[in-house]
Each structure stands twice: as C-alpha cells, then as structure tokens.
Amino acid sequence: MLLLTTVGCGGSKITLEDLEAAAAKVQQDTASAATTDTKATVVAELLDIEKPSLKFGFIKLTDCAPLVIAKEKGFFQEEGLNVEIEAQSNWKVLLDRVIDGQLDGAHMLAGQPIGATIGFGTKAHIITAYSLDYNGNGITVSNEIWSQMQENDESLKSPTPPHPISAKSLKPIVDRYKQDGKDFNMGMVFPVSTHNYEIRYWLAAAGIHPGFYNKDNITGMVDADVLLSVTPPPQMPSTLEAGTILGYCVGEPWNQQAVAKGIGVPVTTNYDIWKNNPEKVFGVSAEWNEKYPNTHIAVVKALIRAGKWLDETDADGKLTNREEAAKILSGKDYVGADEDLIKKSMTGTFVFQKTDVRPMPEFNVFFNHYASYPHYSDCIWFLTQMRRWGQITESKPAEWYEETAKEVYKPEIYRKAASILVAEGKISEAEIPEDGYDGYRPATNEFIDGNTYDARDPIGYINSFVIGNKDGDSTDAEPTKL
C-alpha cells in the first residue's frame, strides 16, 4: 500500500497554496503507484476533517441529486466523510433543523439562506458555498383551467402549441373569478422559494397581480388577483386533483406526475421564465462553517464531483449518467417516485402534454455553465424580488445588496475545494470561473418578459417593473416577520 502523509490544515491556518501543493503531490504519488489495486486503496487525506460523520437533509425533488450522487457514488467517502442523508417533511422543518444543529447542512431553496440571514421569517446566519443546480421547475394548471386558456388563445389548441406560454391567456380567467367573488388559488412551495418568485414573475408579466407582503399581512396576498399558498412539493398533484388549488409551481417530478395522472398541464418551465436561473443550494449555518471549515471544504469537493458526474456527456452531447441517476433517485429513501417519470426531465425531455413532448437538455444543469458556483448576482436577484413583493419592506441602497450577497454566498470556500480538485486532476481549470471573476454573471434579458437584469443596478431593476414595490416606498424598517 502507498502511504500518504496527512496534511494538517488546522482551521484558519490553511492556505489555498498549501492545499493545491498537497493535492498535486498526492496526485503525483498516486499516478506512480504500481498497480490498479494499489491506486484504488490510496486515500488522499488533504484535510484534517473535524467532523467525519454528518447528517444532511433534503426534500423529495430531483434537484437533491448532487447530495444523493455524492453519497451513492462514493464521493463523500473518498473525502473521508460518512454521510447520512435524510428526507425532511417540509422546507421550514429542514431549515429549523439546520439552525438547531440536528442537521449539519441541507439541500435548500436558494432563497432560504438569504431570507434567514436578513431576518425574513426565522432569523439565523445561513451561508452557501455551493449552488446545486440551474432550472428544474415548472408551472402546471388544472385541465379545466388549461381548457379555458385555450379558449382565450387559439394557438394553444394545437397539439404542439408555441412556447413559451405566457399567462396572458390566464388573465381573463382570473378577472372573471374576481368579478364572481371567487378566489383563484395557486400553490408554491415556500415564501422564499424560487417557485414563489417565478410564479409571481410569470403572473405579473401578464398583468396579473400576485399580491404583496407587509408587516401586518404575512400571507403575501395583499391586493392579490391570484392567491398563492404553500403546499409541500409531493402533495402538489393531489392538492390540484382535489380542486384546492388550480395550478402550482414546483420542481420535478411533480409536474410530470400531473401529466401522468391526467390531472393537469404544465404550461411553462423556469428555463423560459429565466434561462439558467439558480434553483437550490447547499446551506449550512455560519457557526457550523466556523467550527468545521475543513469538513465544509471536503463536502463541497464531493458535491462538485457529483455535479460534474451528473452533467457528463458523450461525444454526441448525450447525458451519459442521467438514467443511472434517475434509477438511484427513484429509491424510497430518496425522491421515491416512478423511475420513468424522473427519467424524463433528468435525461432532457419534458412532457407538457402527451402530444407535446419537447427536448429540453438543460432542464436540469448541475455543473455546466458554472452552475455550481455561488454567484453574488444570483443572490442579488432574490433580494430584488424580496423587495419587489414586500418581504423587504424598506428601500435599501445599492451597496446593501452586494454587502448582503457577500454575507450569504461564499465563493472562497468553493474555490478552495475546486482548486484541490484541479490539483488532483478531477476537474479542469476551465470548469471553474477564472481567478479574477467577481461573482457577477453578465447582464441578461433572457426572461419571459424580455426585461434586463443587471445585478450591478438592483434599484433600477426593482423600479423597472410595472407591478411591484418601487425603491423609495418605505412601509417599515425591517424585513417582514413571519
């Protein structure tokens, strides 16, 4: 057996140069091992792992995949980690258990670390050094509502209607409900979920008001044309079928489930609402990170490798590992849904209707396009939407948005982990942003309404919307309390 010297990384004393040099030495020594069997036994103990046994939480959605794959493909184990991953009943329970230490970290909604850190709902300093994915959500309406949308827009009567489908054909239906004194109810998964902001964006782009939050009304339904309520993801299809809600925004496989059961029609995905939008993150408490910094780096290393594995393609661009991933995710301890349903979106096909099956190779992106990097600009987008809808009730200066992003998003941890992987030969330098990258993705207008988002001008972006709070409105001095 080849013996390797453990590198002592004692907390803050570790430097990026130390890690890279040690990783390169390990890679060199491993490459020179005499036999394949010997190479397989080599464990590169680059980090003094402060806490090798860990428990992570997740919600039963396909975008928990990096956590599941890191465990099932042995990436955690190769980092010296013994990880248990446990399904949680809902997003609030998951967050609370990370805060109180029952969980070491979790698959989180991208808005959860942000909301907690600024004090919307539960107040706690939660950080993320790893973004789990881009895209992955859809908006589904009931068959009855879809039929009415088709009556309002002849082009939707086609077996393959043109996409993206806006909410313009939904507006007359919502207006009629209001005139008749009836509530138009739709579901989303949590107040700070991407789903909440995406369905609000989709509705508002068509002139449908999704409602405000304020300090006196925490439902988010002030002045609302559509009433958005929280429903746990796995319960979305049954809640739709019961008629309690008329549509919802959720991740997979719960849109495809509505198609399979014949109870609803997905009308758009978040890829069309905002192309390559951030969706979930891996979140830990700031206190946990301070206590276990080397463990955190090791975790992020394993997750980066899992994301890369999930996005590997062959020479023809076909995703090579997604069918295996779908099989693993379908297990009862993970997503627990039909393997074929999971496979559809995971392998790059999205079924809107049985007659409308479309290739969507980037419905889930876990690593490509720097999807796993914690971009400050992604955090700022969520903050602008929190302000737009009243979860942040006071106007803030532009610098506040950047300062807050730097409190929550921690690319320096990601870079330490990625640099070790580069030195080990497990990823290439081209697969991570260049050293000079400042964390701001380029301005983009790839939204369903064509509006341009530039994270360097959060105030201008907030004020660019017809529906929503404007900078200068001040209803109270703190984020809305739940």
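Q: Where is Glu-362 placed in this predicted model?
A: In this predicted model, Glu-362 sits in the loop that links β15 (356–359) to β16 (364–365).

Q: Why is Glu-362 called partly exposed?
A: The relative accessible area of Glu-362 is 24%. Buried means under 20% and exposed means over 50%, with partly exposed in between; Glu-362 is therefore partly exposed.

Q: Which residues is Glu-362 in contact with, leaving aside its neighbours within four places in sequence?
A: Glu-362 is in contact with Asn-135, Tyr-271, Asn-276 and His-369. Contact means heavy atoms within 4.5 Å. As for Thr-349, its C-alpha atom is 9.2 Å from that of Glu-362, and the two residues are 13 apart in sequence.

Q: What makes Arg-322 count as buried?
A: Arg-322, found in helix α15 (residues 322–329), has a relative accessibility of 1%. Buried means under 20%, so Arg-322 counts as buried.

Q: What joins the side chains of Arg-322 and Asp-311?
A: A polar contact of 2.7 Å joins them. The cut-off for such a pair of N or O atoms is within 3.5 Å. Asp-311 is also one of the residues that Arg-322 touches beyond four places in sequence, together with Leu-310, Met-346, Thr-347, Asn-364 and Phe-366.

Q: What makes strand β3 (residues 105–109) largely enclosed by the rest of the structure?
A: Five of the five residues of β3 are buried, so the strand is largely enclosed by the rest of the structure.

Q: How do you know that β3 pairs with β1 and with β13?
A: Two strands pair if there are at least two bridges between them. Strand β1 (residues 53–58) and β3 have two bridges, in the parallel sense, and Gly-105 of β3 is the bridge partner of Phe-56. β3 and strand β13 (residues 280–285) have four bridges, in the antiparallel sense, and Lys-280 of β13 is the bridge partner of Leu-109.

Q: What is the order of the five strands in the open sheet, and what is the pairing?
A: The order is β2-β1-β3-β13-β4, and the pairing is mixed. Parallel pairing is found between β1 and β2, which are joined by six bridges; there, Phe-58 has Ala-87 of β2 as its bridge partner. Antiparallel pairing is found between β3 and β13.

Q: Why are β2 (82–87) and β4 called edge strands?
A: Each of these strands pairs on one side only. The twist of the sheet averages 30° from one strand to the next.

Q: What makes helix α6 (residues 111–118) largely enclosed by the rest of the structure?
A: Eight of the eight residues of α6 are buried, so the helix is largely enclosed by the rest of the structure. The buried residues include Gly-111, Pro-113 and Ile-118. Buried residues of α6 pack against α5 (91–99), β3, β4 (126–131), β13, α17 and α18 (398–408). The helix lies across β3, β4 and β13, and runs at about 95° to β3. Just after α6, Gly-119 takes a positive phi of about 90°.

Q: At what angle do helix α9 (residues 194–205) and helix α17 (residues 376–388) pack?
A: The angle is about 65°, and the axes are 11 Å apart. The crossing of α9 and α17 is left-handed. On the α9 side the contact is made by Thr-194, Tyr-197, Tyr-201 and Ala-204, and on the α17 side by Trp-381, Phe-382, Gln-385, Met-386 and Arg-388.

Q: How do the residues of the contact of α9 with α17 divide into nonpolar, polar and charged?
A: Six are nonpolar, two are polar and one is charged. Arg counts as charged, and Arg-388 of α17 takes part in the contact.

Note on methods:
Residues are numbered from 1 along each chain as its sequence is written. This is a predicted model: local features need pLDDT of at least 70, side-chain atom pairs count only at pLDDT 80 or more; totals for chains, interfaces and linings use all residues. Side-chain values use heavy atoms; hydrogens and water are left out. Axes are lines fitted to C-alpha atoms, for helices over the stretch in contact, and angles run from 0 to 180 degrees between N-to-C directions. A crossing is left-handed if the near helix is turned anticlockwise from the far one by less than a right angle, and right-handed if clockwise. Buried means under 20% relative accessible area, exposed over 50%, partly exposed in between (1.4 Å probe, protein chains only). A polar contact is a pair of N or O atoms within 3.5 Å; within protein, one must be able to donate a hydrogen and the other to accept it, and residues adjacent in sequence count only if both atoms are side-chain atoms.
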